[in-house]
Amino acid sequence: MQCCATCHGTARSKWMMRFATGVWPVVLFTAFAITGLARAESTDNAPPAISIIIDDMGKLIQAGRRVIALPGPVACAFLPKERYTGELANAAFQSGKEVLLHLPMDSVDGRRLDHGAVTLDMTERQFIARVQDNLASVPHVTGVNNHMGSLLTRHPGHMLWLMREMRQQQMPLIFVDSRTTVATVARRVAEENDVPSTDRNVFLDNEPDDERIAYQFRRLLKLARSQGTALAIGHPYPQTLAFLERELPQLKQQGVQLLPVRALIEQQQESERTWQASLSPSHKAAKSSKPQL
Ligand SMILES: [Zn+2]
């Protein structure tokens, strides 16, 4: 019996091995090929696209003006309640730049919080009042991204309060998860609450020297070429601004499009719809009922 069982077991495992080496690679390859084709198809019509957000704006007037003067639709993310936030947000809007609220949030390392921060110890009422107050303090605001937040963005309850409040606004706001922690749930909660959203892929200037910024920018373009779209966050440092002043005018020649964040999200949603539709026609019908931007 022992022998038979062993032999039977061996025969079965041999068969499974053959199945694994014979059929699954074909299945997986086919699925991969379909996925790849659909992805390629969805981005065929549009060139690779990037968005760039410069955040931490509102504290410095000269650097802020220099950001606003950057060529193309670079998004400007303003800390609430800072000295130049109102003036610069108005100027950014006049120059056709997208205006975001850069919402300060609790971080795990207990760093000093900026004005208008939302924190873990707030009640729902306090939290919502603070978010409303911050949104009202940034003229022409059309979206939110988090400043710090490595603690708060991992808390689904607080993120739910934020996304629900964003949904309440007259203007449909977008959300960008700055991804200051890999444990963030902010993007998932945004999606669950139908807040149009995306993730930061690259920080341009965590090391603000020319060589490192250039390296991160190349990473950004590479990602956009491989996945269709990519988003970077930078800061109003002189090195970052000098780099962007020099490089942004060259983008078109490199076949890459600079988009406002809202347009980038639309392109990502469109690509996702095409992909889903290519996998299952019935999925297409379900997706088409999802609210659009
Ligand atoms: Zn920030």
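User: What pLDDT does the protein average?
Analyst: This is a predicted model: local features need pLDDT of at least 70, side-chain atom pairs count only at pLDDT 80 or more, and totals for chains, interfaces and linings use all residues. Residues are numbered from 1 along each chain as its sequence is written. Here pLDDT is the predictor's confidence in each residue, from 0 to 100. At least 70 is reached by 81% of the residues, and the protein averages a pLDDT of 86.

User: Within what arc do the buried residues of helix H4 fall?
Analyst: Helices (H or I, at least four residues) and strands (E, at least two) are DSSP runs, numbered from the N terminus. A residue is buried if 20 or more other C-beta atoms lie within 10 Å of its own, exposed if 12 or fewer, and partly exposed in between, with C-beta atoms placed from the backbone. In H4 (residues 85-94) the buried residues are Thr85, Leu88, Ala89, Ala91 and Ala92. They line one face of the helix, because seen down its axis (by the directions from the axis to the C-beta atoms) they fall within an arc of 165°.

User: Which helices are among the elements that cover the buried residues of H4?
Analyst: The cover includes the strands E1 (49-57), E2 (75-78) and E3 (99-105). It also includes the helices H3 (61-68) and H5 (124-137).

User: Is Asp56, which has a positive phi, buried or exposed?
Analyst: Asp56 is not a glycine, yet its phi is about 65°. The residue sits in strand E1. With 21 C-beta neighbours inside 10 Å, Asp56 counts as buried.

User: How many other C-beta atoms lie within 10 Å of His140?
Analyst: His140 is another non-glycine residue with a positive phi of about 65°. Its place is the loop between H5 and strand E4 (143-148). His140 is partly exposed, and the count within 10 Å is 16.

User: What distance separates the C-alpha atoms of Ile50 and Ala224?
Analyst: Ile50 lies in strand E1 and counts as buried, with 22 C-beta neighbours inside 10 Å. Leaving aside neighbours within four places in sequence, Ile50 has contacts that include Leu220, Ala224 and Val256. Ile50 and Ala224 are 174 residues apart along the chain, and their C-alpha atoms are separated by 6.4 Å.

Technical notes: Two residues are in contact if their C-beta atoms, placed from the backbone, lie within 7 Å.
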